[in-house]
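Have a look at the fold first, and then we'll go through the details.

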Amino acid sequence: MGLPETLESTVDANRSDEEAAPVNVDSSTVADWTEAEERAVKRKLDFILLPILGLAFFALQMDRGNISNALTSTIVKDLGVDTNQINVGNSLLSAGIVLLEIPSNILLQRVGPQRWLSGQIVAWGLVATFQNFITNYGSYLATRLLLGLCEAGFIPGALYTMSTWYKKSETSLRISIFFLGNLLASATTSLIGAGILSMGDRYGVAGWRWLFIVEGAITIGIGIIFILFLPPSVGNGSPLISFGKWSYFNRRESYILVRRVLLDDPAKTTNHLHISRSDVWTTVKNPRILMHIIITTTSTIPVNAINTYGPSVIKSLGYDTVRANAMASVGSFMAAIMTVFLGWMCDTTKRRGPALLVGAAWSLIAFSCLREASKWSTGRRYAAVVFSMAMNSTIHILNVGWLSVNCQRPQERSIAMAMIIMGANSGGIAGSQVFRTQDAPLYTRAFTACLALSAAVAVEIIGQSTWYFVSNKKLDKQGDAPVVAGKIDETSDGQRVELRKKWRWTW
């Protein structure tokens with residue numbers, strides 16, 4: 001048909017010896033369902049998939065981030081450590097995640113998300129619970145590293161699983177909703193932590209130990225819910241609890257769910273992917289993907305820094321432990337609202353860069369204020385801390401969606417999701433070293449570093465947006481945009497066709 005060179009997906013298992021006629025979905029109307037049917041099944045999917053994945057993300061962030069609540073208790077005194085040593089433990093947690101991120105995502109493709117992700121949740125829940133037994137610096141480091149290793153791969157695995165259920169134009173808002181689990185955990189764990197720590201040393205057990213016991217047990221419960229209720233894959237809506245006797249979706253709904261994502265992106269496949277070494281290397285050295293990793297790493301350094309020490313900074317203003325933790329939650333609630341709004345804006349405008357730039361500008365203003373806040377009244381200083389926490393991980397969250405829609409093959413998308421979470425955790429390693437003991441109590445150097453990084457993020461976002469915009473202009477001028485070829489499909493009259501679609505970058 002004279003089509004340009006294609007970007008083939010690994011779907012050989014779906015092919016037969018029979019020749020399939022290529023069909024360009026840009027110019028062919030092949031959807032045999034109404035918009036009302038699609039909206040109904042999409043709404044149903046939202047209420048099934050997103051709460052389960054978001055709840056699991058809540059558990060992950062709760063167990064990863066409750067160290068900030070423990071710091072307002074007696075953990076430093078009880079373990080005989082200082083702030084810098086606590087930072088080393090946080091760096092080890094992030095290092096553990098970085099080490100196993102890609103291997104974990106490859107295993108997910110072989111084992112399946114239902115079993116692999118469920119096992120991860122229960123595993124890190126057990127580690128989180130057993131943290132209450134630590135007695136010295138060595139055991140603290142060991143549990144933080146083990147927690148990171150168990151959590152590795154969950155976020156990119158969940159993001160890839162989401163991408164198989166949704167169209168490109170739907171991803172940013174859904175990813176934002178998924179990350180609400182993270183943001184709400186940051187907010188509510190401060191409140192939960194405040195409640196648990198108010199118990200004091202009940203039954204001879206320190207408040208921070210109760211924190212690990214209670215929140216670890218919550219995670220294990222969430223892991224059980226996850227494995228029982230998560231639908232295994234697109235086209236298979238029967239959760240484990242159904243024992244194969246019922247499905248979330250009827251046959252018509254399952255057909256629409258599978259076919260609509262293939263028409264949107266023919267490279268998507270509902271089968272387990274085979275990821276080769278060549279796939280990994282090609283993705284790792286892709287400069288467009290690397291730029292997204294840089295944006296995430298740069299933006300998450302100040303996020304991790306202020307999230308970890310935000311409650312402690314608020315406490316230094318003269319508030320007690322319980323009130324400081326409760327007051328720290330305000331920024332995360334604000335971040336949740338902003339993330340969903342900007343995610344909706346991305347999907348509505350079909351543009352990603354402008355929304356990220358809004359987040360970068362907010363952070364730039366907030367850290368500028370925070371740097372000068374030492375001269376202000378207590379109330380204004382608290383407001384500066386809250387607003388610096390209010391953008392939280394928003395830039396990173398939107399960047400994940402931006403990267404996902406610009407991945408041309410499912411193998412590339414799977415690896416890229418792992419890479420961007422590695423970037424976020426690399427930012428976590430660096431971010432855990434921003435607040436230093438010798439910089440207390442004003443932390444002027446820390447806030448200056450956060451301000452400089454926020455400025456760098458703004459420049460990076462503008463550069464990446466320009467790159468995509470110019471690339472599209474070149475494709476339009478040359479008239480030879482690459483074509484994504486995907487799954488062999490069968491029309492209503494029995495003709496075998498290969499779905500194809502011209503590629504466009506999303507800026």
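A residue is called buried when its relative accessible area is under 20%, exposed when that value is over 50%, and partly exposed in between, using a 1.4 Å probe and protein chains only. Keep in mind that this is a predicted model, where local features need pLDDT of at least 70, side-chain atom pairs count only at pLDDT 80 or more, and totals for chains, interfaces and linings use all residues. Residues are numbered from 1 along each chain as its sequence is written, and side-chain values use heavy atoms, with hydrogens and water left out.

The overall picture: the protein chain has 18 helices and four strands, taken as DSSP runs numbered from the N terminus (helices are H or I with at least four residues, strands E with at least two). Of its 507 residues, 57% count as buried. The accessible surface is about 20,200 Å², and 62% of that belongs to carbon and sulfur atoms; such areas come from the Shrake-Rupley method with a 1.4 Å probe, and for residues only the protein chains shown count as cover.

Now for the salt bridges, meaning a side-chain nitrogen of Lys or Arg within 4 Å of a carboxyl oxygen of Asp or Glu. The whole structure has 14 of them.

| Pair | N to O distance | Relative accessible area |
|---|---|---|
| Arg-39 and Glu-35 | 3.8 Å | Arg-39 45%, Glu-35 63% |
| Arg-252 and Glu-37 | 3.0 Å | Arg-252 34%, Glu-37 29% |
| Arg-352 and Asp-347 | 3.6 Å | Arg-352 3%, Asp-347 11% |

Arg-39 and Glu-35 sit four residues apart in helix α1 (residues 35–65), about one turn of the helix. Arg-352 is buried, and so is Asp-347. There's also a network of salt bridges that links Glu-38, Lys-42, Lys-167, Glu-170 and Arg-260.

Which helices do the buried residues of α14 pack against? They pack against α12 (287–315), α13 (321–349), α15 (378–389), α16 and α18 (444–478). Helix α14 itself (residues 353–372) has 20 residues and reaches 29 Å from first C-alpha to last, close to the 28 Å expected at 1.5 Å a residue (that is, 1.5 Å times one less than the number of residues). Its buried residues include Gly-353, Leu-356, Ala-360 and Phe-367. Down the axis of α14, the buried residues fall within an arc of 160°, so they line one face of the helix; the arc is that of the directions from the helix axis to the C-beta atoms.

His-396, in helix α16 (residues 394–405), is buried at 6% relative accessible area. Beyond its neighbours within four places in sequence, His-396 is in contact (heavy atoms within 4.5 Å) with residues including Phe-179, Thr-296 and Ile-420. Thr-296 belongs to helix α12 and is buried at 0%. Among the contacts of Thr-296, again leaving out neighbours within four places, are His-396, Asn-399 and Gly-423.
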